[in-house]
Amino acid sequence: DPSRRELAIGPHGFVPEDPQTVRLKFVGVIEGEHARKAIAESEKATGGKPFVILCETHGMKNVTPDARKVFADGFGKAPLAAVAMIGSNIRTRAIATFVITAINVFRTTKLNVAFFDDEPEARQWVAEELKGWSGTP
């Protein structure tokens, strides 16, 4: 299916898995331009409907201040139901927590985030989160 092909966003990967699930694979440093593209592609893939993100962080090194601001503003207003972080170490968990805290500043409901070692567990969790989401960012 051509719509499920991985799209390169700088060194990172983006895959629209279905109308409610996008996969981000972060490698290296996330710059503001990468964050803008990830948000735009997420909105395009999900058509403004509630969605979840499966985020692979094995190779992530850092998130620039510009990217943190872009994520906070863009995902703070998006109908993003939950984010499952897969493969995070203590450093990437700290970075992700910092970014999620910034995103939550712009939301009326707290964005649910969980960290997982393996993908099947993450998929099960996001499916449940999406079912119970109220639809208000």
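Predicted model: local features only at pLDDT ≥ 70, side-chain atom pairs only at ≥ 80, totals over all residues.
Let me start with Gly13, which stands opposite Lys25 in strand S3, and with Lys25 itself, which in turn stands opposite Glu56 in strand S4. When I say strand or helix, I mean a DSSP run numbered from the N terminus, with helices being H or I of at least four residues and strands being E of at least two. Two strands are said to pair if DSSP finds at least two bridges between them.

Residues are numbered from 1 along each chain as its sequence is written, and side-chain values use heavy atoms, with hydrogens and water left out.

Now to the sheet as a whole. Six strands form an open sheet in the order S1-S2-S3-S4-S5-S6, and the pairing is mixed. Strand S1 (7–9) and strand S6 (112–116) stand at the edges with a single partner strand each, so one side of each has no neighbour in the sheet. Neighbouring strands are turned by 25 degrees against each other on average, direction ignored; such angles run from 0 to 180 degrees between N-to-C directions, and the axes are lines fitted to C-alpha atoms, for helices over the stretch in contact.

Strand S2 (residues 12–18) pairs with S3 (residues 21–30) in the antiparallel sense over five bridges, and a hairpin of two residues joins them. On the other hand, S3 and S4 pair in the parallel sense over nine bridges, and six bridges join S4 to S5, again running parallel, with Leu54 standing opposite Ala84 in S5.

How much of S5 is buried? Seven of its seven residues are, where buried means under 20% relative accessible area, exposed over 50%, and partly exposed in between, using a 1.4 Å probe and protein chains only. In S3, seven of the 10 residues are buried. Thr21, found in S3, is buried with a relative accessible area of 10%, and, leaving aside neighbours within four places in sequence, Thr21 is in contact (heavy atoms within 4.5 Å) with Val15, Pro16, Val52 and Leu54.

As for the helices, H1 (residues 32–46) lies across S1, S2, S3 and S4 (51–63), running at about 175 degrees to S3. Helix H4 (residues 119–131) lies across S2, S3, S4, S5 (80–86) and S6, at about 170 degrees to S5.

The axes of H2 and H3 (residues 90–105) come within 8 Å and cross at roughly 45 degrees. The contact is made by Arg68, Phe71, Ala72, Phe75 and Gly76 of H2 together with Phe98, Val99, Ala102 and Ile103 of H3.

Finally, the aromatic rings: a search of the whole structure finds four aromatic pairs. Rings of Phe, Tyr and Trp (its six-membered ring) pair if their centres lie within 6.5 Å, and planes under 30 degrees apart count as stacked, over 60 as edge-to-face and the rest as tilted. Phe71 and Phe75 have ring centres 5.8 Å apart and planes at 5 degrees, so this pair is stacked. Phe71 is buried at 5% relative accessibility, as is Phe75 at 4%. Ring pairs link Phe26, Phe51, Phe71 and Phe75 into a cluster.
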